[in-house]
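Reader: I have a new model open on my screen and would enjoy walking through it with you. Shall we take it one question at a time?

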Amino acid sequence: MSPLRLIFLALAVWGAIHPMYWFLRHMAETGGGLSGLIDAWYVNASTTGLTWDLTIAAVTLTVWIIAETAVRRNWLALVAIPATFCIGVSCGLPLYLFLRSRPVT
């Protein structure tokens, strides 16, 4: 595996673990569960702006994944879409780049 692919994979793992740690910590501290976490994303203008920024980036990444997957026939790369929306762009983008950069057989 190339060094670049290893970097993409490491970033995908980091992008899955690190944000999830903070999400779970917030839910444990507040006891609000997922709905409390989502409410926190809109607590002020700053967090609302960041939430919309990441939402737009996630939608853009999804469109790109679908468009490229249709052309490249790299169906495995579609797993980056649920990773993006269930974990975050910090996992979905490097995961897609990792899957996209695999050797074509």
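Author: Gladly! One definition before we start: contact means heavy atoms within 4.5 Å. Keep in mind too that this is a predicted model.

Reader: Are helix 1 and helix 2 roughly parallel or roughly perpendicular to each other?

Author: The axes of helix 1 and helix 2 are 9 Å apart, and the packing angle is about 110°. Angles of 65 to 115 degrees count as roughly perpendicular. Helix 1 and helix 2 are therefore roughly perpendicular.

Reader: Let me zoom out. In what order do the elements of the protein run from the N terminus on?

Author: The protein has five helices and zero strands. Its C-alpha atoms fill a box of roughly 50 × 25 × 20 Å along the principal axes. From the N terminus on, the order of the elements is α-α-α-α-α.

Reader: What share of the contacts with a separation of 6 or more is between residues 24 or more positions apart?

Author: The protein has 105 residues, of which 29% count as buried. Among its contacts with a separation of 6 or more, the share from residues 24 or more positions apart is 54%.

Reader: What does Tyr-96 touch, not counting residues up to four places away in sequence?

Author: Tyr-96 is one of the residues with the most contacts inside the largest nonpolar core. Not counting residues up to four places away in sequence, Tyr-96 touches Trp-64, Ile-65, Glu-68, Thr-69, Ala-77 and Ala-80.

Reader: Is Thr-84 buried or exposed?

Author: Thr-84 is found in helix 4. Beyond its neighbours up to four places away in sequence, Thr-84 touches Ala-58, Leu-61, Val-89, Gly-92 and Leu-93. Its relative accessibility is 3%, and buried means under 20%, so Thr-84 counts as buried.

Reader: And Arg-73, is that residue buried or exposed?

Author: Arg-73 is found in the loop between helix 3 and helix 4. Its phi is near 60°, a positive value in a residue other than glycine. At 54% relative accessibility, and with exposed meaning over 50%, Arg-73 counts as exposed.

Reader: I also looked up the record. How far apart are the end C-alpha atoms of residues 79-99?

Author: In the unreviewed UniProt entry, the annotation "transmembrane region" covers residues 6-24, 45-67 and 79-99. Residues 45-67 are 100% helix and 0% strand, with end C-alpha atoms 33 Å apart. Residues 79-99 are 86% helix and 0% strand, and their end C-alpha atoms are separated by 9 Å.

Reader: Back to helix 1 for a moment. How far apart in space are Met-20 and Gly-88, C-alpha to C-alpha?

Author: Met-20 is found in helix 1 and counts as partly exposed at 25% relative accessibility. Leaving aside neighbours within four places in sequence, Met-20 is in contact with Cys-86 and Ile-87. Met-20 and Gly-88 are 68 residues apart in sequence, and their C-alpha distance is 9.0 Å.

Reader: One last one, from the end of the chain. What distance separates the C-alpha atoms of Val-104 and Ala-57?

Author: Val-104 is found in the segment after helix 5 and is exposed, with a relative accessible area of 73%. Val-104 and Ala-57 are 47 residues apart along the chain, and their C-alpha atoms are separated by 27 Å.

Technical notes:
Residues numbered from 1 in each chain as written. Predicted model: local features only at pLDDT ≥ 70, side-chain atom pairs only at ≥ 80, totals over all residues. Heavy atoms only, no water. Axes fitted to C-alpha atoms, helices over the stretch in contact; angles between N-to-C directions. Helix = DSSP H or I, 4+ residues; strand = E, 2+ residues; numbered from the N terminus. Parallel < 35°, antiparallel > 145°, perpendicular 65-115°, else oblique. Core = buried A, V, L, I, M, F, W, Y, C linked by side-chain atoms within 4.5 Å. Buried < 20%, exposed > 50% of the residue type's maximum accessible area, 1.4 Å probe, protein only. UniProt positions renumbered as here; feature names shortened; annotations may be inferred.
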